[in-house]
2 protein chains.
Amino acid sequence: MSAAAPFIAVDWGTTNRRAYRIENGEVVATERDDRGILAVPAGGFPALVAELRVRFDGLPVVMAGMVGSNRGWHDAGYVACAATIEALAAGVVTPEEGVAIVPGVCVDTKSRADVMRGEEVQLLGAVAAGLAPADALLCQPGTHNKWAVMKHGAIAGFTTAMTGEMFALLKAHALIGSEMAGEVDAGADFRQGVEACADTDLLAALFGVRAASVLGHRAPGAAAAYVSGLLIGSDCRARIAPGQQVHLLADGLLADLYSAAITIAGGEAVVVDSKASFVAGITRIRSLLP
Amino acid sequence: MSAAAPFIAVDWGTTNRRAYRIENGEVVATERDDRGILAVPAGGFPALVAELRVRFDGLPVVMAGMVGSNRGWHDAGYVACAATIEALAAGVVTPEEGVAIVPGVCVDTKSRADVMRGEEVQLLGAVAAGLAPADALLCQPGTHNKWAVMKHGAIAGFTTAMTGEMFALLKAHALIGSEMAGEVDAGADFRQGVEACADTDLLAALFGVRAASVLGHRAPGAAAAYVSGLLIGSDCRARIAPGQQVHLLADGLLADLYSAAITIAGGEAVVVDSKASFVAGITRIRSLLP
């Protein structure tokens, strides 16, 4: 398939869906809605995709993300590391004519198990587009944060940390949740959390938030940023060595927070355009399809 | 006050209340109910204690635990480390004639904050009763697990870890909660978790539970014990050095789990009778009151 041929790229996650009309490798139209896979009734995928194609002139569709999971339209399975973009393209499933779903990537060895679905297109796309080197450590902050080791342009291995989910769990349900008021930004409270997690383990540091509140050590409104610093700091410290360069597929607040934490942990953060990476990756996959 | 004089000792926590009639340092009658402080209406403490005293022949009462918090009857404050049993007795508050409430203990330095309330009686009682040495590391597993360093019979310092609360949070609310079926015991799955946490950080190890389930690496029903092993193992590894002896104020399942984790982490666990420790501690405090 020519890389210039127009198509629809869909990044279909658990709670959101984004669709791009791509021509000559450029996005010429975008749709975004909250029809994540959890909002799709049983058997509802073919009709939703048909509607989408009507709006986009019947172009062929290449989809990535949870739509390819066992709760999505069709389980596209996983490509084992080291995973190349060619292996992803070769593993695409086609539930119907004109629709391709990209598989996820897994680590599946005797000693370790890890899975990703959706992030692989960004990771391989970042390298394909020259936004990250072929040998690099890439980080995609989120609910389930991915840290991928790229070698020769392939995903050689990766680690997922439940950093974002843990923050949400603590805020909503933990005893310290009531202390976690206030906005999170990359300021002094956040940085204090990143520093603190170098000296203590997470289970003790988290209870310390309660104790600091009881004894008046921390101002009300400062704990959410501090806990964010503890979690993101722990995540970064576990993953990077001094001097390590990290290519960060993030923008906005998460880019700010992870950049700050990586720097405090002794690394160097380089922010990469995650949307451009996705578009480059999915366009490359499309060009490899028959 | 003579150590032989009869009195009522009350261990009044957040969700439970235990009352003991103690004569000559021995428990001669026990009551246990679910009238923890959260179940007591505003202003309800005097009447509840009066009823209790009627059932126990009007004896004087010495109380410890959350009844002395700012959500209890009367805030008894905290004694700062190093805390002796004499300092606890000196810090007792008396909201009414015949009723004494023991203060908690805190770490309150520029760099650290930590608090306990209720556990201090057990800790100091264990040493007072000769159940633990005057210089020892004591561990009290629970929702908020306490690790206390005893020196010359005083609580020299301590660390609280939210180990138990984290397990409950994950089981009830996390994505991996649906994987956390099965009973927890100190068997092979638990031990595997304790081993695993030596090589990886908690945020990554916890997501690994999800990945192992997706890829079929772990049998359904094994994940709850594995996660318990990850958490308790992380807690123990952060607190003990090789060869470290730990006196464990626990019984039943928690004693089994912590004994196993301490042993795997290279330490040596000695189980101590926590009820006998409480009775010894509160009796000693009573004997020091005017």
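Tutor: Start with Gly182(B), which sits in the loop between H4 and helix H5 (188–196) of chain B. Helices (H or I, at least four residues) and strands (E, at least two) are DSSP runs, numbered from the N terminus. This is a predicted model, where local features need pLDDT of at least 70, side-chain atom pairs count only at pLDDT 80 or more, and totals for chains, interfaces and linings use all residues. Residues are numbered from 1 along each chain as its sequence is written, and chains are lettered from A and ligands numbered from 1 in the order in which they are written.

Student: What does Gly182(B) count as, buried, partly exposed or exposed?

Tutor: Partly exposed, because Gly182(B) has 15 C-beta neighbours inside 10 Å. The cut-offs are 20 or more other C-beta atoms within 10 Å for buried, 12 or fewer for exposed, and partly exposed in between, with C-beta atoms placed from the backbone.

Student: Which residues is Gly182(B) in contact with, leaving aside neighbours within four places in sequence?

Tutor: Gly221(B), Ala222(B), Ala223(B), Ala224(B) and Ala225(B). Contact is defined by C-beta atoms, placed from the backbone, that lie within 7 Å.

Student: OK, chains now. How many residues of chain B are in contact with chain A?

Tutor: 32 residues of chain B, against 32 residues of chain A. H6(B) gives the most to that side of chain B, with nine residues. By class, the side has 19 nonpolar, eight polar and five charged residues. Here Ala, Val, Leu, Ile, Met, Phe, Trp, Tyr, Cys and Pro count as nonpolar, Asp, Glu, Lys and Arg as charged, and the others, Gly among them, as polar.

Student: Why do the copies meet through the same surface?

Tutor: Because 100% of the interface residues of chain B are also interface residues in chain A.

Student: And what rotation superposes chain B on chain A?

Tutor: One of 180 degrees, with 0.0 Å of shift along its axis and an RMSD of 0.0 Å. That is the relation of a two-fold axis. In chain B, the C-alpha nearest the axis belongs to Leu169(B), 3.7 Å from it.

Student: Last one: which residues of H7(B) and H8(B) make their contact?

Tutor: Ser228(B), Ile232(B), Gly233(B) and Cys236(B) come from H7(B), and Leu257(B), Tyr258(B), Ala261(B) and Ile262(B) from H8(B). By class, that contact has six nonpolar, two polar and no charged residues.

Definitions and conventions: Contact = placed C-beta atoms within 7 Å. Least-squares fit on C-alpha atoms with pLDDT ≥ 70 in both.
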